[in-house]
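Colleague: Could you walk me through this model, feature by feature? I would like the general idea each time, and then the case at hand.

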Amino acid sequence: MKHNFSKRLDCLPPYLFIEIDKMKKKALAEGKNLIDLGIGDPDLPTPKPIIEELKKTCEDAKYHRYPLGTGLIQFREAVANWYKRRFDVELEPKSEVVTLIGSKEGIGHIPLAFVNPGDVVLVPNPGYPVYNASTVFAGGKPFMMPITEKNNWVPDLNSIPKNLLKKTKLMFLNYPNNPTSAVATREFFEEVVRFAKKHNIIVCHDAAYSEIYFGNEKPLSFLQVNGAKDVGIEFHSLSKTFNMTGWRIGFAVGNKEIVRGLAKVKENLDSGVFEAIQMAGIKALNLPDANTENIRKEYEKRRNILLTGLKEIGLEVGETKATFYVWIKVPQVYKKTKSPSSEFVAFLLQQCGIISTPGVGFGKYGEGYIRMTLCASSAKLEEAIFRMKQNL
């Protein structure tokens, strides 16, 4: 008996990181000694105080029941306090904060709250694949906004066709940016607010990497800009900030009606985050800044090793002011191939035993680049550079 997938699933490309994992398993089965710089999954441990809090709270039976609703009020208060300390943004915990099963879940659900079949959603390209997938699942039509080096890795809002803007419900943005590692300016966010107000568009800003930055210039929250809370919502995650990717806890904050819409979807589709994990999340958000500073210093050391080595090889790389990604131009020799980024990734895997990510996997405007992560030890990054020098 044959069962056909829904048209929604047929419209989606293979999920990029599942494909990378398949490629990795195949190479391991062939006996290759791999260095995995493909998926952005922190290799550093979750800070011990967070683990200790989970140990304590998970033994308390009161946290073992369904965690219904928008999340523990204590967790949402901790989020609001953290936003005030970090960004000087005021949030009302009961109405402007919702707990998520990781920010990916919230990004996946938000179009279901506001997008009707045929509505347009503005999606950055290259960009995190879930922006496109969540739009398709809601029956919306993704419009790809190119983000290019020529435009400092932000979309040119003025180039979006006027006839599309009448049908546009929602826009996804992501800064610091995955995969390019670009950081947005206040001027750009101000332009976004004006644009969204003019065209009645909901802005969904993915700020998962706001705490992975290098130097003294801290990335902005979209909500720091005047008027942003009128038009938008910001997604955040404890995954990158506190090395908690497997814990699956995040949050969304901002406009209370947009938060309420997302919460309504969640009420019907999931039962929330295990409350013991929410209590551990409170501990994380209340940790001294030294904890996140130590994480940043480690990534900065790794970034310097990788950037220096790649430049010595002769590869062109971005500045990498934030995130734990490095965005690398494909060598000229691959430019005439069918898919330069995929060809270069295949070469690195087969000849160097290095897993990386083809830029085209983030959208057609990512072609010509590959992405490497800093989620490997300094020793492994040095070994990766050595292998590339031997083979490139």
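**Salt bridges**

Modeller: Let's start with a charged pair: Asp270 forms a salt bridge with Lys266, with 2.9 Å between the closest N and O atoms. A salt bridge here is a side-chain nitrogen of Lys or Arg within 4 Å of a carboxyl oxygen of Asp or Glu. Asp270 and Lys266 are both buried, where buried means under 20% relative accessible area, exposed over 50%, and partly exposed in between (1.4 Å probe, protein chains only). Before we go on, note that this is a predicted model, in which local features need pLDDT of at least 70 and side-chain atom pairs count only at pLDDT 80 or more, while totals for chains, interfaces and linings use all residues. Residues are numbered from 1 along each chain as its sequence is written, and side-chain values use heavy atoms, with hydrogens and water left out.

Colleague: How many salt bridges does the rule give?

Modeller: The count comes to 22 salt bridges. Some are linked up: Asp43, Glu298, Lys301 and Arg302 form a network of salt bridges.

Colleague: Which residue forms a salt bridge with Arg86?

Modeller: Glu211 does, and the closest N and O atoms are 2.9 Å apart. Glu211 lies in the loop between strand 6 (202-206) and helix 10 (228-231), while Arg86 belongs to helix 4, so the pair ties together parts that are 125 residues apart in sequence. Both Glu211 and Arg86 are buried. Another pair to look at is Glu30 with Lys32, whose closest N and O atoms are 3.4 Å apart. There Glu30 is partly exposed, with a relative accessible area of 44%, and Lys32 is partly exposed at 23%.

**Helix 4**

Colleague: How should I read a helix and its buried residues?

Modeller: An α-helix has 3.6 residues a turn, so residues three or four places apart point the same way. Helices (H or I, at least four residues) and strands (E, at least two) are DSSP runs, numbered from the N terminus. Helix 4 covers residues 73-87, 15 residues in total, and reaches 21 Å from its first C-alpha to its last, close to the expected 21 Å. That expected span is 1.5 Å times one less than the number of residues.

Colleague: Which residues of helix 4 are buried, and what do they pack against?

Modeller: The buried ones are Phe75, Arg76, Ala78, Val79, Ala80, Trp82, Tyr83, Arg86 and Phe87. They pack against several elements, including strand 7 (232-237), strand 8 (250-254) and helix 13 (275-285), with contact meaning heavy atoms within 4.5 Å.

**Backbone exceptions**

Colleague: What is the general expectation for phi and for peptide bonds?

Modeller: Most residues other than glycine have a negative phi, and most peptide bonds are trans. In this model, Asn152 has a positive phi of about 55°; Asn152 sits in the loop between strand 4 (141-146) and helix 8 (162-165), and at 60% relative accessibility it counts as exposed. Thr320 also has a positive phi, near 55°, but at 1% relative accessibility Thr320 counts as buried. Its place is the loop between helix 14 (289-313) and strand 9 (325-329).

Colleague: Where are cis peptide bonds found?

Modeller: One joins Asn125 and Pro126, with omega about 5°, and Pro126 lies in the loop between strand 3 (120-125) and helix 7 (129-137). Another joins Asn178 and Pro179, with omega about 20°.

**The sheet**

Colleague: How do I read the strand order?

Modeller: Strands of a sheet pair through backbone hydrogen bonds, either parallel or antiparallel. Here, two strands pair if DSSP finds at least two bridges between them. The model has an open sheet of seven strands in the order 2-8-7-6-5-3-4, with mixed pairing. Strand 2 and strand 4 stand at the edges, each with a single partner strand, so one side of each is left without a neighbour in the sheet. Strand 3 and strand 4 run parallel and are joined by six bridges; in strand 4, Met145 is the bridge partner of Pro124.

**Cysteines**

Colleague: How many disulfides are there?

Modeller: A disulfide is a covalent bond between the sulfur atoms of two cysteines. The structure holds zero, taking a disulfide as a pair of cysteine sulfur atoms within 2.5 Å. Cys204 is buried at 0% relative accessibility, while Cys58 is partly exposed at 30%.
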